[in-house]
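User: I am new to this structure and would be grateful for a close look at a single part of it.

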Amino acid sequence: IRCWSNIPFITMPLSRAHGKSFAHRSELKHAKRIVVKLGSAVVTRGDECGLALGRLASIVEQISMLQNQGREMMIVTSGAVAFGKQRLRHEILLSQSVRQALHSGQSQLKDMAIPVLEARACAAAGQSGLMALYEAMFTQYSICAAQILVTNLDFHDEQKRRNLNGTLHELLRMNIVPIINTNDAVVPPPEPNSDLQGVNVISVKDNDSLAARLAVEMKTDLLIVLSDVEGLFDSPPGSDDAKLIDIFYPGDQQSVTFGTKSRVGMGGMEAKVKAALWALQGGTSVVIANGTHPKISGHVITDIVEGKKVGTFFSEVKPAGPTVEQQAEMARAGGRTLAALQPEQRAEIIYRLADLLTDQREDILLANKKDLQEAENKGRLALPLLKRLSLSTSKLNSLAIGLRQIAASSQDSVGRVIRRTRIAKDLDLEQVTVPIGVLLVIFESRPDCLPQVSALAIASGNGLLLKGGKEAAHSNQILHHLTQEALSIHGVRDAVQLVNTREEVEDLCRLDKLIDLIIPRGSSQLVRNIQKAAKGIPVMGHSEGICHVYVDTDASVEKVTRIIRDSKCEYPAACNALETLLIHRDLLRTPLFDQIIDMLRVEQVKIHAGPKFASYLTFSPSEVKSLRTEYGDLECCIEVVDSVQEAVEHIHKYGSSHTDVIITENEKTAEFFLQHVDSACVFWNASTRFSDGYRFGLGAEVGISTSRIHARGPVGIEGLLTTKWLLRGDNHVVSDFSEHGSMKYLHESLPLPQRNAS
């Protein structure tokens with residue numbers, strides 16, 4: 001373990017045979033030797049005179065962290081000319097002011113013209129100061145840095161090449177960070193058209209080519225090129241249709257139009273691409289990214305090394321299928337076509353999918369068996385997750401029934417008029433339901449989720465991106481294939497896409513221009529991670545299912561044990577399972593209380609005592625660590641309350657606004673509970689497990705939302721719709737409704753069209 005800034009870091013066992021670049025971003029975390037190229041726009045301030053000190057300090061901190069993890073970091077830096085320009089301007093101003101003061105006898109400065117400064121002189125004046133700054137910053141992390149100045153000749157002379165190579169290897173061996181720069185004080189002007197001279201030679205005409213040459217010479221695993229743009233775009237950045245290219249492959253450069261070079265520095269994006277491709281041919285992976293953006297510059301280097309989707313990644317391995325961005329665009333186009341179909345056609349697709357689930361039962365169960373066997377062999381899934389992963393004939397039959405319910409109830413979901421208003425004569429306004437757009441549903445260990453969510457998306461006319469857990473890969477694959485087969489009957493196969501690439505969930509959550517709503521289906525940790533990672537995309541769901549059952553003094557003996565058993569034991573891994581049992585104090589040491597405890601023991605439910613419950617017992621079960629615990633297993637907490645009011649207060653303080661239940665025969669007490677508990681689902685004398693889209697008659701659900709806007713509780717078709725306004729006029733203009741205009745607002749409510757009774 002090494003330490004820097006008082007934070008311990010585990011030294012990573014990093015080793016890799018050089019010779020072939022990484023094929024996927026996820027492999028970048030294995031990079032041992034890394035070159036970071038800092039462009040002039042990254043190192044310098046916006047006025048090009050002086051350094052961006054805060055940005056530079058953040059970059060040094062990231063490089064230090066990676067160095068202390070056991071990686072070998074090298075820096076190719078610009079900035080000497082800008083730093084020197086700042087120093088020389090200061091000296092010239094000072095000199096001119098002194099001369100002027102002596103000449104005129106006045107201390108007031110007049111108009112002083114600063115001469116054009118020669119770049120080599122600026123470099124000579126700035127190199128020592130730039131290095132001193134780097135040394136001071138790296139010293140804060142107990143890291144030593146060393147400066148190396150090179151020219152093109154140092155790579156052409158074989159002896160100098162060997163000397164340079166040996167020096168760099170020795171510095172890396174001693175855990176020193178080499179800081180390399182072209183010796184701009186003596187370097188000759190670059191020769192035109194000398195970028196590439198074959199695979200084995202690249203002319204060092206700027207720091208881009210220097211970084212590429214150095215990366216290949218030193219057999220580095222990764223070259224990170226930081227500039228002032230997010231990466232490589234398919235057209236000049238800033239143009240209307242410009243899209244960031246996530247992965248760039250050799251041969252794709254013909255389809256790219258390059259814009260102008262950055263405000264400072266020798267090379268533009270074209271030079272960076274040429275250098276990157278040359279390094280890639282030499283076996284070094286390359287990422288071009290933005291090192292100036294204030295929101296990401298503080299972690300851009302570490303994000304790249306962690307495999308996150310930052311900038312443009314250069315890869316020689318082109319995947320067979322479309323990228324996730326292309327899949328999202330296909331889903332949007334397919335969703336719009338789907339929404340334009342007749343309701344009967346969308347229902348027909350869902351009916352066909354329901355038939356396929358039963359007709360292809362054997363193939364589905366065979367694929368699911370493979371997933372179960374692999375999960376059991378690897379031992380990576382707990383028993384509750386294995387139960388979620390498992391499919392059966394009865395599960396498939398239930399799925400088919402649910403899908404047919406969705407099909408039957410979806411006839412008038414899209415395009416339904418929910419409000420009509422006559423604004424004025426011949427000016428009528430309608431509010432109609434429309435799809436949300438493109439949904440991203442991320443689900444763990446539950447392949448049955450795929451057809452359910454697909455059917456709801458089809459019924460509501462939404463495009464759909466599905467990201468399933470790898471533990472259910474075989475099951476998801478066949479279920480998605482059947483879904484596309486059903487969609488094909490009306491030519492909308494692309495509306496539902498299954499993401500099979502190595503996309504990290506966090507990267508998917510950044511596609512705010514392609515995805516309109518994220519729906520996570522899985523553990524509370526998954527939901528929390530997605531809610532944290534989603535930038536600009538709404539997330540529908542709940543992070544926890546802490547459901548309560550309150551047993552009132554007027555509870556029926558016959559109902560109590562049945563409801564509690566069903567709520568806790570029927571499916572303890574479900575998000576709508578009982579986690580905390582609240583019991584009125586007057587029921588302690590009564591036959592009813594004993595029956596509850598005996599039943600829980602028979603069902604092998606582990607009991608945790610809340611603080612008040614523990615205080616009543618001489619020998620109590622283990623005291624609960626937190627009253628906000630979702631056990632997801634045969635465990636629950638028991639706590640004591642003095643009244644229904646206290647039960648409500650406890651639920652509001654420790655619950656998750658999911659599902660809460662009261663068991664009582666007192667209607668007044670029950671109504672108080674129903675009206676005052678602020679949860680998505682509140683029940684009287686019924687199991688928490690009824691909180692489910694299928695049981696509510698929605699056919700299925702995309703999830704249970706505890707959000708307070710748009711949709712709450714089990715979310716079916718209605719929760720996947722939004723609205724738009726349609727205004728039909730006849731040469732109407734607002735000026736006609738002014739004080740002296742010819743028209744008046746009516747704002748009359750009009751009757752709604754009759755809904756389809758079927």
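In what order do the eight strands of the open sheet lie, and what pairing do they have?

Analyst: Please note at the outset that this is a predicted model. The protein chain has a mean pLDDT of 86, and 89% of its residues reach 70 or more. Confidence is highest in strand β17 (residues 547-551), at a mean of 98, and lowest in strand β2 (residues 7-9), at 34.

As for the sheet, its strands follow the order β5-β6-β4-β3-β7-β9-β10-β8, and the pairing is mixed. The edges are formed by β5 (145-150) and β8 (247-248), each of which pairs on one side only. Strands of a sheet pair through backbone hydrogen bonds, in either a parallel or an antiparallel manner. In the case of β5, the partner is strand β6 (residues 177-182): the two run parallel and are joined by six bridges. Within this pair, Gln147 stands opposite Ile179 of β6.

Some stretches call for caution. Over residues 190-203 the pLDDT stays under 50, and the model has 23 contacts beyond four places in sequence for them. Residues 262-267 also have a pLDDT below 50, with 22 contacts in the model beyond near neighbours in sequence.

Terms used:
Residues are numbered from 1 along each chain as its sequence is written. This is a predicted model: local features need pLDDT of at least 70, side-chain atom pairs count only at pLDDT 80 or more; totals for chains, interfaces and linings use all residues. Side-chain values use heavy atoms; hydrogens and water are left out. pLDDT is the predictor's confidence in each residue, from 0 to 100. Helices (H or I, at least four residues) and strands (E, at least two) are DSSP runs, numbered from the N terminus. Contact means heavy atoms within 4.5 Å. Two strands pair if DSSP finds at least two bridges between them.
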